[in-house]
Amino acid sequence: MKIGMDRLWNRLWSSKVPENLQEQWTDKAALSYINSQMDVELMRLCLDKVKGDSKDDTFLQTFLDFQHIALQPTKIVSASLEIDFMERYVSLFSQVSAVDISIGWTKKVENPHLSVPRFILLPLVQNALWQGYHEAERYPMKIKISVFEKIISLDITNHVNHHIVDQKISDAMDHYHARLQYEFGDQHTLIMNSNAHTFRSNLTLRF
């Protein structure tokens with residue numbers, strides 16, 4: 001795992017990047033990691049649900065299991081474990097959402113053991129869930145994840161929330177862009193765009 005982290009680290013620091021920009025990326029990357037590890041708003045909703053129905057032992061155990069995994073100190077995990085955590089996050093969010101939401105998954109994992117930085121994919125899922133609109137079944141959120149030998153592709157679409165000016169502009173997304181630069185340098189591509197109805201994020205990570 002250390003070798004994998006050193007490889008990612010060197011992609012950034014071997015490039016000609018101004019020192020002040022490097023420091024900004026480092027700080028914002030750390031904030032992005034923490035926001036994925038400890039989603040305060042999701043935790044609040046989960047705790048409200050636990051307090052509201054203290055007899056629901058199944059949900060409480062699901063929440064505790066999720067938190068146990070999130071707080072593991074490991075910084076590098078396999079692609080399969082990262083995807084599993086994303087699925088747990090989506091499931092937990094669905095259970096505490098104020099409305100019924102519809103989410104479709106498409107997965108193609110040819111290299112489940114590929115080592116990836118923890119929570120490197122989750123911010124795009126968080127952005128779609130918190131900022132998008134998925135109240136009706138005809139407005140599903142779609143998540144497509146592909147893992148090849150040395151490439152990960154993540155494509156997420158959600159219905160536009162017209163109460164938000166621009167889904168791609170937020171502190172969380174600013175921090176996430178910095179983390180992608182910190183971890184992958186020019187070995188990543190993130191395209192985010194929208195039309196009147198749909199917002200789409202497409203991420204490619206090259207290892």
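The side chains of Asp174 and Lys28 form a salt bridge, with 2.8 Å between N and O; a salt bridge here is a side-chain nitrogen of Lys or Arg within 4 Å of a carboxyl oxygen of Asp or Glu. Asp174 belongs to helix 7 (residues 171-184) and Lys28 to helix 2 (residues 19-37), so this pair ties together parts that lie 146 residues apart in sequence. Helices (H or I, at least four residues) and strands (E, at least two) are DSSP runs, numbered from the N terminus. The model is a predicted one, in which local features need pLDDT of at least 70 and side-chain atom pairs count only at pLDDT 80 or more, while totals for chains, interfaces and linings use all residues. Residues are numbered from 1 along each chain as its sequence is written, and side-chain values use heavy atoms, with hydrogens and water left out.

How exposed are the two partners? Asp174 is partly exposed at 34% relative accessibility, and Lys28 is partly exposed as well, at 23%. In these terms, buried means under 20% relative accessible area, exposed means over 50%, and partly exposed is in between (1.4 Å probe, protein chains only). Helix 7 also holds Tyr182, which is buried, with a relative accessible area of 15%. Tyr182 and Lys28 are 154 residues apart in sequence, and their C-alpha atoms are 9.1 Å apart in space.

By the salt-bridge rule, the count comes to nine. Among them is the pair Glu41 and Arg44, whose side chains meet at 2.5 Å, N to O. These two residues are three apart in helix 3 (residues 40-52), a separation of about one helical turn. Arg44 also forms a salt bridge with Asp48, at 3.0 Å, N to O; Asp48 and Arg44 both lie in helix 3, four residues apart, again about one turn of the helix. Glu41 is partly exposed at 32% relative accessible area, Arg44 at 39% and Asp48 at 35%.

Turning to the strands, five of them make an open sheet in the order 2-4-5-7-6, with mixed pairing. Strand 2 (103-109) and strand 6 (188-194) stand at the edges with a single partner strand each, so one side of each has no neighbour in the sheet. From one strand to the next, the twist averages 5 degrees. Strands of a sheet pair through backbone hydrogen bonds, in either a parallel or an antiparallel way. Two strands are taken as paired if DSSP finds at least two bridges between them. Strand 6 and strand 7 (residues 198-206) pair in the antiparallel sense over seven bridges, and His188 has Leu205 in strand 7 as its bridge partner.

Which helices pack on the sheet? Helix 5 (residues 79-96) does so, touching strand 2, strand 4 (141-147) and strand 5 (151-159), and its direction makes about 175 degrees with that of strand 2. Helix 7 packs on the sheet too, touching strand 6 and strand 7, and its direction makes about 160 degrees with that of strand 6. Contact means heavy atoms within 4.5 Å. Axes are lines fitted to C-alpha atoms, for helices over the stretch in contact, and angles run from 0 to 180 degrees between N-to-C directions.
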